[in-house]
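Here is a friendly tour for anyone who likes to look at side chains and their partners.

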Amino acid sequence: MIISLSHPHSPFLLLFFFFFFTILTLHSLTVTSATCHVDDETGLLGFKSSITADPSGILSSWKPGSDCCTWSGVTCLVSNRVTSLFLMGQSNKPNSFLSGPISPSLSKLKFLDGLYLQNLRNISGPFPDFLFGLPEFIFLYIDNNKLSGRIPGSIGNLTRLSSLSLSGNRFLGPIPSSISQLTGLTQLNLGGNRLTGPIPNGIQKLKNLNLFSLDRNQLSGSIPDFFGSFSELRILRLSYNKFTGKFPASISSLAPKLLYLELAQTGLNGQIPQFLGNFKTLDTLDLSRNNFSGVVPRSFANLTKIFNLDLSRNYLIDPFPNMSVKGIESLDLSYNKFHLGEIPKWATSSPIIYSLKLARCGIKLRLEDWKPSQTYFYDFIDLSENEISGSAFGLLNKTDYLVGFWASRNKLKFNLESLRIVERLKYLDLSRNVVFGKVPNGVSKLEKLNVSYNRLCGKLPVTNFSASAFLGNDCLCGSPLAACKSVA
């Protein structure tokens, strides 16, 4: 499921604020010292000297002889001592990164309670063992870098830890069972690594967790049925692993407080449990790419606060319940066995929807007859493999933020030259319809295009697309198809 951070209720944006509200609250005091401790300066400069590339100057303020408490990313809260190091790359700036290992010289920072190295992309090496020698250490966030090797079995010795986040690295091997000793943890995030084996049963001892994320690994076995232990859990993310078995019944105990439940591609089968209708605070539910069968529970009508719902690529059948949402942001019901007939009115009426994916959902309508309450914020629309006729340009010409439109294998009929290619549009698939006219020059800006098997004609504009994007249009010509015949 593609989510855009440009929308105020995006789950990833909310998750971002969830993390950093905690961090900023804990480090909100101002620096009053005139100079920092010599050990702290030495330790920080040792870290800088191990960095092999800093193209955007993240560490440019780190200069010997100056007050290290004023350096970028450094916080001093106790007796002129460094208490946290917070360095963050910016994903929208390609040169915003650091390369190199984490120098053990940071062990000199004896008052360090938090290390935050996030989205720096090229920080490498093993788990930083020097952390075991820091008596005040509580918060560890090293996310979206290139740390590798195994998470050490001695991790259980960091018993003061409140947050452990190592997502988006290259750690492999099993999750150490000693993690069960970190009973003070409120956040455990090991997602986006290469971890294997089962989830240790001892994790049920971490009763204070409000975030538990192991998504995007290669974990196997069944999902432990131990969620009755987690009375404070707000976020549960186990998607994209190699689990097998049924939906754990104890997840029902999370209903009072859970905000995010993400179990996509986890190998689960059977029916979607009725008890999910009790999750009345749920913002995001992702059960896509599993083997769920049967009907979607009627109790889903109780999910009035749901913003993001993804049930795509299962074996679900009619009828689909009539939802009572106040405003859906993203909806994906694609590739099940639904025969919806129309686009659900509760989605059409949403004033905040930006992603609508209903591929192969048995929809029969003229596209001009679909009147969504807003079109301005749409990023993604996928109506592929339905029985939709009419013209698409009336819809697409009203969507300034559209990134992708997929409508292959329908009965759309309109002049492609009338289509406005908006600045943000990257993906367009109109293949196997009855679209006619010429291919406009504006398609050259797209990243992916498929207009094959329509009734297009004329000379193609200059693009980088392969012939497969244009096949099946009998009178199209020009590179990458056959050359146009010259007129004598």
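Tyr-376, Phe-377 and Tyr-401 make a nonpolar surface patch of about 280 Å². The model behind this and every other value here is a predicted one. To find Tyr-401, go to the loop between α4 (393-396) and β27 (404-406). Its relative accessibility is 32%, so Tyr-401 counts as partly exposed.

**The chain as a whole**

Zooming out, the protein chain has four helices and 33 strands. Its C-alpha atoms fill a box of roughly 85 × 60 × 40 Å along the principal axes. Of the 488 residues in the protein chain, 55% are buried.

As for charge, the protein chain carries 47 positive and 32 negative side chains. The centres of these two sets lie 4 Å apart.

Which side chain of opposite charge is nearest to Glu-41? That is Lys-48, 10 Å away. Glu-41 is buried yet has no salt bridge, and a salt bridge needs a side-chain nitrogen of Lys or Arg within 4 Å of a carboxyl oxygen. Glu-41 lies in helix α2, which covers residues 38-50. Leaving aside residues up to four places away in sequence, Glu-41 touches Cys-36, Pro-64, Gly-65, Ser-66, Cys-68 and Trp-71.

**Charges that do pair**

Side chains of opposite charge can pair when their charged atoms come close. In this model the count comes to 14 salt bridges.

| Acidic residue | Basic residue | N to O distance |
| Glu-136 (35%) | Arg-160 (46%) | 3.7 Å |
| Glu-385 (26%) | Arg-360 (41%) | 3.0 Å |
| Asp-400 (36%) | Arg-420 (37%) | 3.0 Å |

Start with the salt bridge between Glu-136 and Arg-160. Glu-136 sits in the loop between β5 (121-125) and β6 (139-143), and Arg-160 in the loop between β7 (146-150) and β8 (163-165), so this pair ties together parts that are 24 residues apart in sequence. Glu-136 counts as partly exposed, and Arg-160 also counts as partly exposed.

Next come the side chains of Glu-385 and Arg-360, which meet in a salt bridge. This pair links distant parts of the chain, 25 residues apart: Glu-385 is in the loop between β25 (380-382) and β26 (387-390), while Arg-360 is in the loop between β23 (355-357) and β24 (364-366). Glu-385 is partly exposed, as is Arg-360.

How many residues apart are Asp-400 and Arg-420, whose side chains meet in a salt bridge? They are 20 residues apart, and the pair again links distant parts of the chain. Asp-400 is in the loop between α4 and β27, the loop that also holds Tyr-401 of the nonpolar patch. Arg-420 belongs to the loop between β28 (411-412) and β29 (427-429). Asp-400 is partly exposed, and so is Arg-420.

Last, look for a group that goes beyond simple pairs: Asp-215, Arg-216, Arg-237 and Glu-262 are linked in a network of salt bridges.

Key:
Residues are numbered from 1 along each chain as its sequence is written. This is a predicted model: local features need pLDDT of at least 70, side-chain atom pairs count only at pLDDT 80 or more; totals for chains, interfaces and linings use all residues. Side-chain values use heavy atoms; hydrogens and water are left out. Patches are made of residues with over 30% relative accessible area and no salt bridge: like charges are joined within 9 Å, nonpolar side chains (Val, Leu, Ile, Met, Phe, Trp, Tyr) within 5 Å. Accessible areas come from the Shrake-Rupley method with a 1.4 Å probe; for residues, only the protein chains shown count as cover. Helices (H or I, at least four residues) and strands (E, at least two) are DSSP runs, numbered from the N terminus. Buried means under 20% relative accessible area, exposed over 50%, partly exposed in between (1.4 Å probe, protein chains only). Lys and Arg count as positive and Asp and Glu as negative; His and the chain ends are not counted. The place of a charge is taken as NZ of Lys, CZ of Arg, CG of Asp or CD of Glu. Contact means heavy atoms within 4.5 Å.
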